[in-house]
Amino acid sequence: MSDILIVDDEADIRALISDILEDEGYKVRQAMEADGALAAVAQSQPSLIILDIWLQGSRMDGIEILKSVKRDNPDVPVVIISGHGNIEIAVAAIKQGAYDFIEKPFNTDQLLVVVGRALEANNLRRENAVLKERESRDYQMIGGGQSMAALRARLDRVARTASRVVLTGPPGAGKEVAARHIHEKSDRASEPFIVSNAATIEPHMMEEVLFGRLHNDGRLELGLFDQAHSGTLFFDEVAEMPMGTQAKILRILVDQSFQRPGSGELVRVDVRLVSASTRDLKGEIAAGRFREDLYHRLNVVPIEVPSLDMRREDIPVLAEHFIETISGEQGLPKRAFSDEAMAALQTFNWPGNVRQLRNVLERLMILGGEGEEISLDELTSDTGRSPDKSDATQLSAAQASLPLREARELFERDYLVAQINRFGGNISKTAAFVGMERSALHRKLKSLNVTTSNAGGARIAQVNQEEG
């Protein structure tokens, strides 16, 4: 129930407004001067204030009360009323943050319309704030490893420019998160960020979705480029775009304008385009499915978003973030990982990348009991990996066919590669965990033909096949 504070020095006016609003189901409080009004606001923030400009016997007039309320409670809408109203007072009130201005005498319908609109606008603002906060939380760039630090630095640099960007990387790696980071760090941050996925749009509807349509009855349907005006349009899976649409996108990039379907109208737009693809765009060009001239227009700054396998050191902090997020969104109890389960989480392969990790964690939270620690057995059972206990007496075909010395080397090599990648290529951390001196570990890696190299801003361990 909305709580409305009425501030007026005339008792009969306060009573009249109170009766009207209470009949409509609103909760109403009253004050006759500044001190009473400010005390009521301090006691409990109202949903709306109806405030008279002229208050006899008050140490502050309505404009001064308005300024005070807006300074300490900027989200509270205020409707100004006055029996001595004129355009100058109305303009002054609006400039100080009033939602609207009503002149006495007013009729009931007029009052209810303004009150209803003010409350609706305030509710929408609050809902948008909650959604924006949730969206910001869901699309944070999580992780402090080398690859993420390198990615974040590149995104920050390109965000300050107007350059177009193509983000590449496997599905679920976080390309939309990277695109949002570019937008939020740019001078367009306060403008719209619009997402389009070409893979989800029917080819025959592509142009209408992007450019809108003027229907025969005169009804105008805006497209994504209209919605993204002054902001950023994130075009995911750009390789899925039909060739005919590619030509029109090229014109927009050249002329910053397009012709709306169903109309001869030329529409000018100011949109920054950030594209993404899981496909090799050069391969698509060679196959005749993507325009080379469009590729060069889009691909001013190419940036690769690393897979989760290339940033394993970020998995613990990602897991903690997702557990917090899922718990907050769905009211599910938080769960912690055992040390063995977390170690396994960092060594598993993640073909679905960050998206797959989140889905696994959500499933574990739904199916697990409150306060129960996530064990290695539960994790491996959920992900389809075989728990170590049940496989303790089983060998792979490769291991079974080798003498003991070679089988041991195979295990040591796989084990050390997994541990180095788990710690983001940090040899010191790996040595401490496996219980070896750093120099001894280096010698062991050399004997096993294991090398480390830079990939996506991080060091990745791999077997040197030429020497192995």
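## Sheet

An open sheet is built from five strands, ordered β7-β10-β13-β6-β14, with parallel pairing. At its edges lie β7 (193-197) and β14 (301-304), each pairing on one side only. From one strand to the next, the twist averages 20°. Strands here are DSSP runs of E, at least two residues long, numbered from the N terminus. Two of them pair if DSSP finds at least two bridges between them.

This is a predicted model: local features need pLDDT of at least 70, side-chain atom pairs count only at pLDDT 80 or more, and totals for chains, interfaces and linings use all residues. Residues are numbered from 1 along each chain as its sequence is written, and side-chain values use heavy atoms, with hydrogens and water left out.

## Strands β10 and β13

Strand β10 (residues 232-236) runs parallel to β13 (residues 272-277), and four bridges join them. T232 has R272 as its bridge partner in β13.

## Helix α6

Helix α6 (residues 146-159) lies across β6 (165-168), β13 and β14. It runs at about 155° to β14. Helices are DSSP runs of H or I, at least four residues. Angles run from 0 to 180 degrees between N-to-C directions, with axes fitted to C-alpha atoms, for helices over the stretch in contact.

## Residue Q246

Q246 sits in helix α10 (residues 243-255). Q246 counts as buried because its relative accessibility is 0%; the cut-off is under 20% relative accessible area, with a 1.4 Å probe and protein chains only.

The Q246 side chain reaches the backbone oxygen of R289 at 3.2 Å. Beyond neighbours within four places in sequence, Q246 is in contact (heavy atoms within 4.5 Å) with M241, R289, F290, R291 and L294.

How values were computed: Buried means under 20% relative accessible area, exposed over 50%, partly exposed in between (1.4 Å probe, protein chains only). A polar contact is a pair of N or O atoms within 3.5 Å; within protein, one must be able to donate a hydrogen and the other to accept it, and residues adjacent in sequence count only if both atoms are side-chain atoms.
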